[in-house]
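I opened my notebook to look up a few things in this model. Here are my entries, in the order I made them.

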Amino acid sequence: MLSLLQALGRTFLNFLGATGRIALFTAVSLSHCVRPPFYSRLIGRQMLEVGYYSLPVVGLTAIFTGMVLALQSYTGFARFSAESAIPSVVVVSITRELGPVLGGLMVAGRIGAAMAAEIGTMRVTEQIDALTTLATNPFKYLIAPRLIAGLTMLPILALVAMSVGVFGGYLVSIYKLGFNPTTYIANTVDFVQFQDVLSGLVKAAVFGFIITLMGCYHGYHSRGGAQGVGAAAINAVVSASILIFCSNYFITEIFFSR
Amino acid sequence: MNKPSTPKIEIKDLHKSFGRNRVLQGINLTIMPGESVVIIGGSGSGKSVLLKCILGLIHPEQGSIKIDGVEITNLRGSELEEVRRKIGMLFQSAALFDSLNVWENIAFALIQGQGMARDEAQRTAIARLGDVGLRHEVAMLYPAELSGGMRKRVGLARAIASQPEIIFFDEPTTGLDPIMGSVIDNLIVKCVKELGATALSITHDMASAKRIASRIAMVFEGRIIWEGSTEEIDQTDNAYVQQFIHGRADGPIQMQIQDHFEGLPG
Ligand SMILES: Nc1ncnc2c1ncn2[C@@H]1O[C@H](COP(=O)(O)OP(=O)(O)OP(=O)(O)O)[C@@H](O)[C@H]1O
Ligand SMILES: [Mg+2]
């Protein structure tokens, strides 16, 4: 019994310690994001890496999500003769939730792991030490460009995911379910509100920050050779995914509960 | 600006442990401007850790480190960065940035630190590449495409590229052939003589130590147990130093080696 309590206590203290370390890491990273000098070359390269090269993954995820959403809603709604609700269901689900969340998860897998592995390798091969001795702050040189790229690129990716997802729903509705194109588009445009899109973009920005922060944090603190780098990559993806789901709930609550 | 009487580096009673492993247990070392000091000592005796403490990469538990008379153990942020600008470091593992090619590695401090234009930095980097005996075609290669000895030499070129006042060399000639080893030793001597730099090197190669050092210090069990000039090291009757420089297996320094044949029949 006592040992159980001890174990619980230790876990709780570890958790508090980790939370504190991440908070500190976040504060230091953010302070370097807003203070010059800015490494525009590196920011550009990271934006390309996070934004441009994630387009195929995010686009494919979004189009099939939109397609399956239309199909599933149809099989459900047809029973109540409510097929006309499909355009609105598709557009609201995609803009509010599925676009940013699924896009975020895909990018977490792609970018979070890559960042943790890259920075982790630099840590265990003393490249971060070398950076420091060359009077360059690793937060400024390695971490700030990645965070900036995450914050700015994810909303753009989300916008793409939203458009492609809605288009996927449109394709299935028109060519498979026999909807009238003009009515479908009119319904979509009528129903979607600015707030739906805005909430999706805000979510995406937060997810982008979480993904890059977790990638950098776990990479920066990795130790112990190849195994440590592998563990950092796993931790980055897992913690980013969980934090995406958590923060998704709270952002939704801020936007839509009243 | 500094009076010649101010030591370039002054280390007093430096302690550092990793958990129960007490690595540095009271290092005292003073290095005057323009000196070239070589540290020798067994593998795992804490030589690399000592250099990293001076660079502020590892925080010692106790003791003082002064560079140009400024205490650095409690410096943070930009003040520490200012001190690091004076120092160039060759890491034991070279620690080249593998996302940058060779010349960008060498020119890193010039571009990031001094804001030199890229094409000028490239020319300077290629000149340094020549100094360490590498052809200019190597400039465009990436660290993964180099041999171990080539990486070491690129690391050396990076350490001296910004012409720092203080240069640390962690095993500069390990992994090089004897001829290239001499070339590098001469380069280090040249850095000290011509640039007026202060050098602190680590090496296991006694011939190379004698070529580059004006003074040699030996580390054993976390302390400096012997210090003296290059001439004195052959004459000393210190049993530890004698054993080390002649590489004898028996003597006062006991290596922790398990005897695998112990207890075998026969
Ligand atoms: N980051 C670290 N974490 C834990 N222990 C460390 C760390 N760095 C070094 N050590 C320990 O400190 C001791 C000294 O290491 P150091 O690298 O300074 O040896 P060294 O004298 O440079 O040896 P070599 O000549 O083989 O390079 C070793 O026992 C090593 O295990
Ligand atoms: Mg070493």
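What percentage of the 266 residues in chain B is buried? I found that buried residues make up 53% of them. I kept in mind that this is a predicted model.

**Chain B as a whole**

I looked up the secondary structure next, and chain B holds 10 helices and 10 strands. Then I checked the overall dimensions. The C-alpha atoms of chain B fill a box of roughly 65 × 50 × 40 Å along the principal axes. I also wanted to see whether the radius of gyration fits a globule. A compact globule of 266 residues would come out near 18 Å, and chain B has 19 Å, so the two agree.

For the surface, I noted about 12800 Å² of accessible area on chain B, with 50% of it belonging to carbon and sulfur atoms. For the contacts, I took those in chain B with a separation of 6 or more, and 62% of them join residues 24 or more positions apart.

**Helix α1 of chain B**

Is α1(B) largely enclosed or open? I counted 8 of its 8 residues as buried, so the rest of the structure largely encloses α1(B). Among the buried residues are K47(B) and K52(B), together with V49(B), L50(B), L51(B) and I54(B). I also looked at what follows the helix: G56(B) comes after α1(B) and has a positive phi, near 75°.

**The largest pocket**

The largest pocket holds about 1400 Å³. I listed 44 residues in its lining, and the closest to the pocket centre are T132(A), P138(A), F139(A), Y220(A) and R84(B). Which elements give two or more residues to this lining? From chain A I wrote down α1 (2–34), α4 (86–124), α5 (127–133) and α6 (138–175), and from chain B α1 (47–54), α2 (77–84) and α4 (108–113). By residue type, the lining of the largest pocket divides into 19 nonpolar, 13 polar and 12 charged.

**One residue in chain A**

My last stop was V90(A), which sits in helix α4 of chain A. Its relative accessibility is 0%, so V90(A) counts as buried. What does V90(A) touch, leaving out residues up to four places away in sequence? I found L69(A), A70(A), V166(A), G169(A) and Y184(A). I also looked up V237(A), 147 residues from V90(A) along the chain, and their C-alpha atoms are separated by 28 Å.

Technical notes. Residues numbered from 1 in each chain as written. Chains lettered and ligands numbered in written order. Predicted model: local features only at pLDDT ≥ 70, side-chain atom pairs only at ≥ 80, totals over all residues. Heavy atoms only, no water. 1 Å grid on protein atoms, 1.4 Å probe; cavity = no way out; pocket = protein on both sides within 12 Å on 5 of 7 lines; lining within 4 Å. Points joined across faces, edges and corners; volume = space filled by probe spheres on them. Helix = DSSP H or I, 4+ residues; strand = E, 2+ residues; numbered from the N terminus. Nonpolar A, V, L, I, M, F, W, Y, C, P; charged D, E, K, R; others polar. Rg over C-alpha atoms; globule rule 2.2 N^0.38 Å. Buried < 20%, exposed > 50% of the residue type's maximum accessible area, 1.4 Å probe, protein only. Contact = heavy atoms within 4.5 Å. Areas by Shrake-Rupley, 256 points an atom, 1.4 Å probe, with all protein chains shown as cover.
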